[in-house]
Amino acid sequence: MNLGTLPKSKDLLDIAFRRARKEASQMKRLRAHLKNEKSKSIKRIEVSANYVAGLLKKTGEEFPKMKEMNPFYQELVAETIDLDQTLKALGHFRATKNLAIKLKGKHIGLVKALKKGEGHKAQGIVKQFYGRLGSLVKKLDKNIENYNRAARKLRELPKIKYEMPTAIIAGYPNTGKSTILGRLTSSEPQIASYAFTTQKLQIGYLIHNYLKFQLIDTPGLLDKPLGKRNKIENKGIAALKHLANAIVFVVDPTSQCGFPLEKQVKLMEEAKAEFGVPVLAVVNKADIASEEEMEKAKKALGKALIEGKGVESALKEEVVKVLGKEDNAKTFKNSMQSYCI
Ligand SMILES: Nc1nc2c(ncn2[C@@H]2O[C@H](COP(=O)(O)OP(=O)(O)OP(=O)(O)O)[C@@H](O)[C@H]2O)c(=O)[nH]1
Ligand SMILES: [Mg+2]
């Protein structure tokens, strides 16, 4: 998310008043004293008020509208920042912006009303305006701090492309999920924080026939049974459901990962039921698995369609096929395909 940082009130006012002074000093000097004083004073009021109001307006406008956000981001944003506090800060910015504009109008009116012989009063009106604007802006410091904290966190959110077909990688720890993400995707995966887990998401892109697909590895989330998750992890998974078009489930038939095959299959069934999307089962570590282990895995997962060399590109095609189908949920919902790699 592309959000700016607001300066503290003191800096914000410094900039506003400096700009006002500069622009007024660059104005052509008028011969008539009153006219000259009036036009310069109006300029200072206008420039300083417009700077403050403009910055506050821009801040409000660039903040994402929750209602227009993809549900995945809505949940992620709500977990990442203190939304109430941030919206409150934005409310104060809006109110201050409106007041600054009102004050501007009022003080310009006062300057305009000055009569012959009252030119010297113009500067006093500007001073009064600066004082009022200053005390309004100074009240914002806590809100500026809160807003900047939220903006910083939002800027760090993972750059997930929610319009892109997406597969989530699942499976017990150490089964080879990250390895498979690396094998299926072209460049180095993007590593990003995800508020629901202390571990980082890994996001990769799979390109096939000029189409791009997204693969996300979610360490610490889809690598344990439902009953072992805490509340926050459950929330993280609920958010992922808005993204997932398919699941690539990685199984280690050797149990080298420390989890027996039966447990792994059970976790896969859970993920399938929970997400309601096609699940592609991948039997990994075929190079070190015994024939017996492979047979057992294939039997437990359904018919292994492809084995041996070329399996990675076949799996790639399969992921693409599943993700590329608009009605994949319908077509594949009840099917489970397994591959050995
Ligand atoms: N022999 C063999 N080892 C593999 C294969 N795939 C992964 N490994 C190894 O298995 C270990 C775990 O691989 P990772 O890709 O880190 O597994 P992971 O599922 O991402 O692990 P966590 O992130 O801890 O859940 C590493 O030592 C890998 O080198 C494979 O096909 N064959
Ligand atoms: Mg990993």
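## Burial and overall dimensions

Of the 341 residues in the chain, 49% are buried (under 20% relative accessible area with a 1.4 Å probe, protein chains only). This is a predicted model, in which local features need pLDDT of at least 70 and side-chain atom pairs count only at pLDDT 80 or more, while totals for chains, interfaces and linings use all residues. Residues are numbered from 1 along each chain as its sequence is written, and side-chain values use heavy atoms, with hydrogens and water left out.

The radius of gyration of the chain is 30 Å, whereas a compact globule of 341 residues would have one near 20 Å (taken over C-alpha atoms, the globule rule being 2.2 Å times the number of residues to the power 0.38). Along the principal axes, the C-alpha atoms fill a box of roughly 105 × 40 × 35 Å.

## Secondary structure and contacts

The chain has 12 helices and eight strands (DSSP runs, H or I of at least four residues for helices and E of at least two for strands, numbered from the N terminus). Among contacts with a separation of 6 or more, 78% join residues 24 or more positions apart (contact meaning heavy atoms within 4.5 Å).

## The crossing of α4 and α6

Helix α4 (residues 83-112) and helix α6 (residues 141-155) have axes that come within 9 Å and cross at roughly 130°, the axes being lines fitted to C-alpha atoms over the stretch in contact and the angles running from 0 to 180 degrees between N-to-C directions. Because of that angle, α4 is oblique to α6 (under 35 degrees is roughly parallel, over 145 roughly antiparallel, 65 to 115 roughly perpendicular and the rest oblique).

The contact is made by Q85, T86, A89, L90, H92 and F93 of α4 together with N143, I144, N146, Y147, R149 and A150 of α6.

Key:
Chains lettered and ligands numbered in written order. Buried < 20%, exposed > 50% of the residue type's maximum accessible area, 1.4 Å probe, protein only.
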